[in-house]
Amino acid sequence: MQQMKYATYGIVFQEIPDETTLAFDISNCPYRCEGCHSQFLWEDTGDILDNEIERFLEKYRGMITCVCFMGGNQCMEDLIYLINIVKSHNLKTALYTGENDIQKVSELIPLLDYLKIGSYRADCGGLNKKTTNQIFYQIDNSHLTDKTYLFQKEKK
Ligand code: SF4
């Protein structure tokens, strides 16, 4: 089994709309997007997440509604293992990946509530730009609904 590592973590509110999310920044990202805002994730750095995730879920019990793995799907086996642990705590599950081909993450779809897919392209912009190449899906029983527009609401 590969060993999935996280470089940093935090509670975030904007990455997954209407959820309070514990987000792990997964290192050793293979995508190398030009203009990447998190180049520290390119290195094989950080701590192995593994069963350590139980400690985080206990620490934030009652405070979070979702757990998001950010940076890629480079350790598929570990990711499936960890997502199943999160689900056993009745929390929602999310993945942010720079992968462009949704078929490459198809085995995760039945396990996920949210999926952001697509490499970062500076010329297209992130999810908040109408020109973005990235897609944010809400998933309900493996049915994907494009909810990218939630990131593009006009600010008053
Ligand atoms: S997927 Fe994210 S972390 Fe990885 S290179 Fe692209 S922008 Fe950077």
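In what order do the strands of the open sheet stand?

## The sheet

The order is E3-E1-E2-E4-E5-E6-E7-E8, eight strands in an open sheet with mixed pairing. Strands E3 (47-48) and E8 (143-146) stand at the edges with a single partner strand each, so one side of each has no neighbour in the sheet. Strands (E, at least two residues) are DSSP runs numbered from the N terminus. Two strands pair if DSSP finds at least two bridges between them.

This is a predicted model, where local features need pLDDT of at least 70, side-chain atom pairs count only at pLDDT 80 or more, and totals for chains, interfaces and linings use all residues. Residues are numbered from 1 along each chain as its sequence is written.

## Strand E2

E2 covers residues 21-26, and six of its six residues are buried. Buried means that 20 or more other C-beta atoms, placed from the backbone, lie within 10 Å of the residue's own. Side chains in a regular strand alternate between the two faces of the sheet. Thr 21, Ala 23 and Asp 25 point one way from E2; Leu 22, Phe 24 and Ile 26 point the other way.

E2 runs antiparallel to E1 (residues 5-12), joined by six bridges. Gly 10 stands opposite Ala 23. Thr 8 stands opposite Asp 25. With E4 (residues 66-70), E2 pairs in the parallel sense over five bridges. Here Asp 25 stands opposite Met 70.

## Around the ligand

The residues surrounding the ligand include Cys 29, Tyr 31, Arg 32, Gly 71 and Ser 119. By class, the shell has six nonpolar, five polar and one charged residues.

How values were computed: A residue is near a molecule or strand if its C-beta atom, placed from the backbone, lies within 6 Å of it. Ala, Val, Leu, Ile, Met, Phe, Trp, Tyr, Cys and Pro count as nonpolar, Asp, Glu, Lys and Arg as charged, and the others, Gly among them, as polar. A residue is buried if 20 or more other C-beta atoms lie within 10 Å of its own, exposed if 12 or fewer, and partly exposed in between; C-beta atoms are placed from the backbone. Helices (H or I, at least four residues) and strands (E, at least two) are DSSP runs, numbered from the N terminus.
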